[in-house]
Amino acid sequence: MVSTSRPTELAIEAHGLVKLFGNNRAVDGVDLAVKTGTVYGVLGPNGAGKTTTISMLATLLRPDAGEAKIFGFDVRTEAQIVRQLIGVTGQYASVDENLSATENLVLFSKLLGLKGSAPKRKAAELLEEFGLTEAAKRPLKNFSGGMRRRLDLAASLIAQPPLIFLDEPTTGLDPRTRGQMWDTIRRLVAGGSTVLLTTQYLDEADQLADRVAVIDKGRVVAEGTSDELKSSVGTAALQLRLVNAADIPAARELIRTTLGVESAVSAEAARLSAPMQHAELVTDLLVALRGDGIAVAEISVQQPTLDEVFLALTGHDTGATTDAPTPELETAR
Amino acid sequence: MSTVTPALLNNTGSLRNYVGPRQILENTLTMAWRGLLKIKRTPEQLIDVTVQPILFTLMFAYIFGGAISGNVQQYLPLMIPGILVQTVITTSMVTGVQLREDMDKGVFDRFKSLPIARIAPLAGALLTDTLRYAIAVTLTFATGWVMGYHPAGGFGAVVLAGLLVIFCAWSVSWIWAFFGVIARSASSVQGMSMIILFPLTFLSNAFVPADSLPSWLRAFANVNPVSHVVTAVRDLANTGQIGMAALWAVVGAVVIVAIFAPLTVRAYMRKA
Ligand SMILES: Nc1ncnc2c1ncn2[C@@H]1O[C@H](COP(=O)(O)OP(=O)(O)OP(=O)(O)O)[C@@H](O)[C@H]1O
Ligand SMILES: [Mg+2]
C-alpha cells in the first residue's frame, strides 16, 4: 500500500522509451522531462510516434524498452496508481456512442467511485462548464466533431487528475472552436494541472506550451522553449510590398537602420522580406517609411511553418502536402 | 514545489496499486448498468432471445415430436428442457460477438486508462447478458405451457431449473468472451464459437434420449456437460428433484469459469 504521492518536481520523466510494431520502431528512444504545473507540447508530423508515446505514458501500451515515471510512479509496475493520477483525451473520441452525453459522464463518474447523486451532479456541472447542457440528452451520433471533443475532454476531467494527456486536441476543429479549446487548456493549467499535448501545428505549441519536444520517426530531434525552437529554425519574416519599386533601395536602408537586419528583395513584385526578431520595432520602421514618403501597399508576417522547422531540424520535410517555403523566405533567412 | 493532490482518488482517498474485491464488484455492476442502457437504446438486439425460443420450440416439437415419442404431447417433457438449454446456450454466443464489436470502439480506450478493475468491462457485459438468458428461459417455458407442457415439478422447481440454465449459459459465455478478445473480427468470433457450440449442443441428450444414440456418440453425449444440464432441468421440471446431474452441471460451469475468466482477462490485458 502506497499511502501518499511521492514528492517530485517532475510530472513525467521518461528515459529511452521504445515501442516496436513488428519491425517498425514507432517510438525509438524517447526521453521526456515535464515539470509539474506546466504545459508540454509534443510536436511532430503524421506517424512520428506521438500517440504511441502518450499511450505508453498513460499505461495503455507497454513499452518494449526504457522506463517512464508519472509523478514518480512507474507506468509498468505501478500502473494502477498512475491511472489515478492521469486523464487521457485520445486522438479519437473515447466516449460511448450509444449513450447520451449525460449518461457517458455519469458512467465514468460511477466508475471513478462517485456515489449516490454525486455522478449526476458532476455530469451536470461538467456539461455546463463545456457548454453542452443543451445537448445533454441527445444521442452522440448527432454530435459535431467539436462537441464530441469537448465531451471527451470533460470525461477526462471528472477525477480532476493532476496530469492530463491531450492527443491532438484541436485537429479537425474550426478556428473558433479551436480558440475555445485553447482557453479551456489554459484554464486547466491555471487550476494547477500539468498538461502534455501533442500537435501538428507549430503555432499551437507556441501559443500553449511552456516547452516543446519535436519528434520525428520516433525520436526527439529538438527540445526547448518554443522561442528557442523557433530561433533555431529562423524567425518570422516581415514582408512588405511597396507601391513604387523605385523606393526599394531607400526602404532597404531604413530596414537596416531601424531593424538592424538585411532584407531580401524580389524586385519584380516590389517586395521586401526581412527577418523579424523584435516585433515592436516594426512600428518604428513604418513611421520611418511614412516620414520618407515611401508608400506601402501591403504588409504581412510570415511565420516559420512546421515544414521549415522539420527541414531545419531533420534535413527532410514532413512529407505533408503543405506548400514549400516561398523563395522570398529562403533568401530572407 | 507542488504536491500532487488528486481530488478524487478512491474510497479511501489514498493511492493504491491494486483493486479490492469490493471495487471489482462495484465496477462490474456499473458496467452492467451500461449494458442495460444500451439495450434500452437498441431494443432490437433482443430479437434473438424473443423470437428464437418461440420459433425453435414450435419447430422442434412438430418436426421431431411424432418421430421420437409417437406424439407431440408426450415429447414435450423430453423436448422443452432440451430446447431450453440449446436455445439459451446458443444465444450466449452473441456475447463474444458483441464484446468484439464493443472493444473496437473508442470507449474501451478510456476504460483502459481509468483506475478500475480490468475485468469489469468484460464481467459487466457478461452480467448484462444474463438478462437476455432470463428472457429466453421465460419465453421457452411459456411457449411450452401454451403447447400443453405443464411441468410436474411445480413452479418453484421450474424457477430453479431456469436459474441453473442461466448460470450455465453465463459460465459458457466466458468461452465466447475469450474468443471475442483474441479474434480479429466479429465474424471470426462467430466462426470459432460455432465449431464448439454445435457438437456441444447437438451431440447431447437435448433432443433425443441418449440411449437411442449409437454407442460412440452416446459415450460423448454422456460426458458432455450440456447433457448434464439438460438432465438436471428434466429432473427438476418434471419431478421436482435435484439429482446428481445438477451437481455435475454446476461443477462443469464453475470449471469453465475458472479456466476461461483468467484466460480472457489475461488476453484482454495483453491486447491493451
Ligand atoms: N497498433 C499499431 N499497430 C501497428 N503499427 C502501429 C500501431 N499504432 C501505431 N503504429 C505505427 O507506429 C507509428 C507511429 O504511430 P503514431 O500513431 O504514434 O503516430 P502519431 O505521431 O500519433 O501520428 P498522427 O499524427 O497521424 O496521429 C506509425 O508508423 C504507425 O503506423
Ligand atoms: Mg496520433
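Predicted model: local features only at pLDDT ≥ 70, side-chain atom pairs only at ≥ 80, totals over all residues.
**Exercise 1. Find the domains of chain A and say how far apart their centres lie.**

**Exercise 2. Work out which residues hold the magnesium ion (ligand 2), and where they sit in the chain.**

First, pick out the donors: OG1 of Thr51(A) and OE1 of Gln91(A) coordinate the ion, at 1.8 to 2.1 Å. Then place them. Thr51(A) belongs to helix 1 (residues 50-57) of chain A, while Gln91(A) lies in the loop between strand 6 (86-89) and helix 3 (101-111) of chain A.

**Exercise 3. Decide whether Thr51(A) is buried, partly exposed or exposed.**

Recall the cut-offs: buried is under 20% relative accessible area and exposed is over 50%. Thr51(A) has 32% relative accessibility, so it counts as partly exposed. For the chain as a whole, 53% of the 333 residues of chain A count as buried.

**Exercise 4. Describe how helix 3 and helix 7 of chain B pack.**

Begin with the geometry: helix 3 (residues 72-92) and helix 7 (residues 155-182) of chain B meet at about 35 degrees, their axes 8 Å apart. The crossing is right-handed. Now look at the side doing the touching: helix 3 of chain B contributes residues including Leu84(B), Val85(B) and Val88(B), and helix 7 of chain B contributes, among others, Val165(B), Ala169(B) and Trp176(B).

Conventions:
Residues numbered from 1 in each chain as written. Chains lettered and ligands numbered in written order. Heavy atoms only, no water. Domains from an automatic or database assignment. Donors = N, O, S within 2.8 Å, 3.2 Å for Na, K, Ca; no water. Helix = DSSP H or I, 4+ residues; strand = E, 2+ residues; numbered from the N terminus. Buried < 20%, exposed > 50% of the residue type's maximum accessible area, 1.4 Å probe, protein only. Axes fitted to C-alpha atoms, helices over the stretch in contact; angles between N-to-C directions. Left-handed = near helix turned anticlockwise from the far one by under 90°. Contact = heavy atoms within 4.5 Å.
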